[in-house]
Amino acid sequence: HGFVSLILVHHPCPLLSFHFSTALHTMGRKPFVGGNWKCNGNAATIDMMSRILADAPTAQVEIVIAPPALHLLAMRAKLPDAIGVAGQNCSQYGNGAFTGEHSAEMLAEAGVPFVILGHSERRHKFGEEDSLIASKVEIAVNTGLTAIVCVGETLEDREGGKTIDVVNSQVRAFAPRVNDWGKIVIAYEPVWAIGTGKVATAEQAQEAHVAIRKCLAEAVGEDVAQATRIIYGGSVSPKNCGELAQLPDVDGFLVGGASLKPDFAEIVKSKAQ
C-alpha cells in the first residue's frame, strides 16, 4: 500500500489528460467523514473531541477534522495520528505579499494534508466564484494537499429544477485543473440544507451523487468517476446518517454543527458498518 502509479488517459480534450493515485480504485472507495467546525470551537472543544475520537474506527473510515486555522496545530497534536486535519480554506496564491492569507504550502509544511474549498459559505458570503475555487483547487493539489471540494445548489435552484445543471457546472469548473484525482474528495452540500435542520432525502442525495459521478465520467473518465469519493453534507446528524450511509454513491459525510459534539462519533460509526 502507498504505491502510486502514473496512469495516462487520453481524452478528446487534451487539457483533461491526467494521472491519479490508484489506491482508491483498486481497494474500493474508503468511507470518508469530515468535521467542519467553521468559525467555532476552542481549547475545551479540542480536548473533548480528541477524547471522543481516541478509539474511532480509522481502519474502516478516513476521518478528518477541520477546526479554525488558529486551532489546527493544537488539534493535530491531540488527535490520533490516523485522523487527519484540514484547513477550511487556502489562498489561490503561493507565499508572498498577501496579508491575511495562508497558502497551501504553509498547510502542507504544518502537517495539514487536507483543505476544504468551495464551501457554500465561501461562495455565497464571501463572493468566491467557480474560477477562483478552481485556482485554489489547482494550487492545493499541486502542493500535495487533498482538496475537499464542495458543490451544491440553492433552494431557488432546487425548486427551479436546476440542481443537476448547477452541480455539474461547479464540477466542470475545476475538473480541468486537477492533475491527480487521488487528491480530490467532492462534497455535495445542498445550500438549503446547511445549518437549517433540513436534510436532503435519501432519493435526492443519491440522485445528486449519481449525477456528479456521471459528470466526472464524461469530463475526465470512468476510472476517475468510480474511484473518486463523493460525500454528503447538510444537517447530517445521528438521526439521518444511518439511511444516508447505506446509499451506494454516498461515500461519507461532511459534518457541520454535529462535528463539535459527541454525536460526531455516531456519524463516523455509521460509515464503519
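The model is predicted. Strand β2 pairs with β1 over five bridges and with β3 over two bridges. Strand β6 pairs with β5 over five bridges and with β7 over four bridges. Two cavities of 30 Å³ or more are counted.

- β2 is mostly covered, with four of its five residues buried.
- β1 and β2 run parallel to each other, and five bridges join them.
- Phenylalanine 32 sits opposite glutamate 62 of β2.
- From β1 the chain passes through α2 to reach β2, and this β-α-β crossover is right-handed.
- On the pairing with β3 (residues 84–87), the sense is again parallel, over two bridges.
- Here valine 64 faces glycine 84 of β3.
- Helix α3 (residues 72–78) belongs to a β-α-β unit with β2 and β3, and that unit is right-handed.

**Helix α12 and its cover**

- Helix α12 spans residues 263–270.
- Its buried residues are Phe264, Ala265, Ile267, Val268 and Ser270.
- Residues three or four places apart on an α-helix point the same way, because each turn takes 3.6 residues.
- Among the elements covering the buried residues of α12 are the strands β1 (32–36), β2 (62–66) and β8 (252–255).
- The cover also includes the helices α2 (43–52) and α11 (241–245).

- β6 (residues 184–188) is mostly covered: five of its five residues are buried.
- Ile184, Ile186 and Tyr188 point one way from β6.
- Val185 and Ala187 point the other way.
- Residues on both sides of β6 are buried.
- β5 pairs with β6 in the parallel sense, over five bridges.
- Isoleucine 148 has valine 185 of β6 as its bridge partner.
- β6 also pairs with β7 (residues 229–233) in the parallel sense, over four bridges.
- In that pairing, isoleucine 186 has isoleucine 230 of β7 as its bridge partner.

**Isoleucine 139**

- Isoleucine 139 lies in helix α6 (residues 130–143).
- Leaving aside residues up to four places away in sequence, isoleucine 139 touches Ser91, Gln92, Tyr93, Gly94 and Ala104.
- Tyrosine 93 is 46 residues from isoleucine 139 in sequence.
- In space, the two are 7.5 Å apart, C-alpha to C-alpha.

**Cavities**

- A probe the size of a water molecule, rolled over the atoms, shows where empty space is left.
- The count of cavities of 30 Å³ or more comes to two.
- The largest cavity holds about 40 Å³ of space.
- Its lining is made of Gly118, His119, Ser120, Arg123, His124, Cys150, Val151, Gly152, Glu189 and Val191.
- Two elements give two or more residues to this lining: α5 (120–125) and β5 (146–151).
- α5 gives the most to the lining of the largest cavity, with three residues.
- By class, the lining of the largest cavity has three nonpolar, five polar and two charged residues.

Methods. Residues are numbered from 1 along each chain as its sequence is written. This is a predicted model: local features need pLDDT of at least 70, side-chain atom pairs count only at pLDDT 80 or more; totals for chains, interfaces and linings use all residues. Side-chain values use heavy atoms; hydrogens and water are left out. Buried means under 20% relative accessible area, exposed over 50%, partly exposed in between (1.4 Å probe, protein chains only). Contact means heavy atoms within 4.5 Å. Two strands pair if DSSP finds at least two bridges between them. A crossover is right-handed if, with the strands pointing away from the viewer, the path from the first strand over the helix to the second runs clockwise. On a 1 Å grid over the protein atoms alone, a cavity is a set of points where a 1.4 Å probe fits but cannot get out, and a pocket is an open set with protein on both sides within 12 Å along at least five of seven lines; lining residues have an atom within 4 Å of a point. Grid points are joined across faces, edges and corners, and a volume is the space filled by probe spheres set on the points. Ala, Val, Leu, Ile, Met, Phe, Trp, Tyr, Cys and Pro count as nonpolar, Asp, Glu, Lys and Arg as charged, and the others, Gly among them, as polar.
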